[in-house]
Amino acid sequence: MNILFRNSRRKLSQGILFWREVGAGIPIVFLHSAWNDGSEWVSIMELLADHVHCFALDLLGFGESTNPNIHHSIDLQVECLADFLEALKLEKVYLVGNSLGGWIAASYAVKYPEKIYGLILLSPEGVAAPGQEQYWEKRRRLFNCPPWIIKFLRLVIPLIKLIGWSEKITNDLELRKTLLDYPTASHLLFNRKKTEIEAEFLEKDLPDIKVPCLILQGGEDAAIAISRSNTYAGLIPNIKLHNIAYEESNLPESCPDIVVEAIWDFISISYY
């Protein structure tokens, strides 16, 4: 599909924000997942461009947006989003957030309810789930592991094969690379003080979200992700939970047609 995207940058008080833009009409702002940037929405935007005005941000500290030397938080991301919408004179929008982007989108909806038409969340972060502390503790250890230990593990992989641990070590090394490639995501999700992270969790605030809301959740995703989506669905009053059978994580890239159909159906009901 030959769609012409417009790439732009804007200096905000928090830093320079980069975004992709296409289409015209109803404004939809897309917020990406933890281990990605705004490009994860390109297929979705191409399919929606004839009907709506799409904006896909690189969140502050991700992709082509600047990574200022400041203490990152969810609230900082929310204020950066608020400044972005004000700078572009977007008075009211739909917010679509995936994973970490879902946490930021829902937090924005809590703080600025008058600024959004509706909320679409894909496997959102931002609430507690069984097993979550152990899940993030492993990633915290990998992220902060001294480089000399990593170098040693790479050297001994041929020997580790003899006891059947090579696949596990290799997978952990690949996971560590991803974590290091996205330091802002690692900081926001698990590498801050536990009390600070939990203070930004949304369980107490979700019942205050009154705008229409849609949750999209892969039916074969990790149990932690499914638990979080169920928590959102149980606490937001005006919400629909759509489980997408046989899909795991990364819904914008694994099943864009299904996501686009769900987004368009949601907008058709809530806007018109």
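Which helix gives the most to the lining of the largest pocket? H9 does, with three residues.

This is a predicted model, in which local features need pLDDT of at least 70, side-chain atom pairs count only at pLDDT 80 or more, and totals for chains, interfaces and linings use all residues. Residues are numbered from 1 along each chain as its sequence is written, and side-chain values use heavy atoms, without hydrogens and water.

**View 1. The largest pocket holds about 420 Å³ of space.** A pocket is an open set of points on a 1 Å grid over the protein atoms alone, where a 1.4 Å probe fits, with protein on both sides within 12 Å along at least five of seven lines. Volume is the space filled by probe spheres set on the points, which are joined across faces, edges and corners.

View 2. Helices H4 (132–144) and H9 (223–235) each supply at least two lining residues. Helices (H or I, at least four residues) and strands (E, at least two) are DSSP runs, numbered from the N terminus. The lining has nine nonpolar residues, seven polar and four charged. Here Ala, Val, Leu, Ile, Met, Phe, Trp, Tyr, Cys and Pro are nonpolar; Asp, Glu, Lys and Arg are charged; the others, including Gly, are polar.

**View 3. The second largest pocket holds about 270 Å³ of space.** Its lining has 14 residues, with Leu214, Lys240, Asp265, Phe266 and Ile269 closest to the centre. Strand E7 (213–218), strand E8 (239–244) and helix H11 (256–270) each give two or more residues to this lining. H11 gives the most, with seven.

Key. On a 1 Å grid over the protein atoms alone, a cavity is a set of points where a 1.4 Å probe fits but cannot get out, and a pocket is an open set with protein on both sides within 12 Å along at least five of seven lines; lining residues have an atom within 4 Å of a point.
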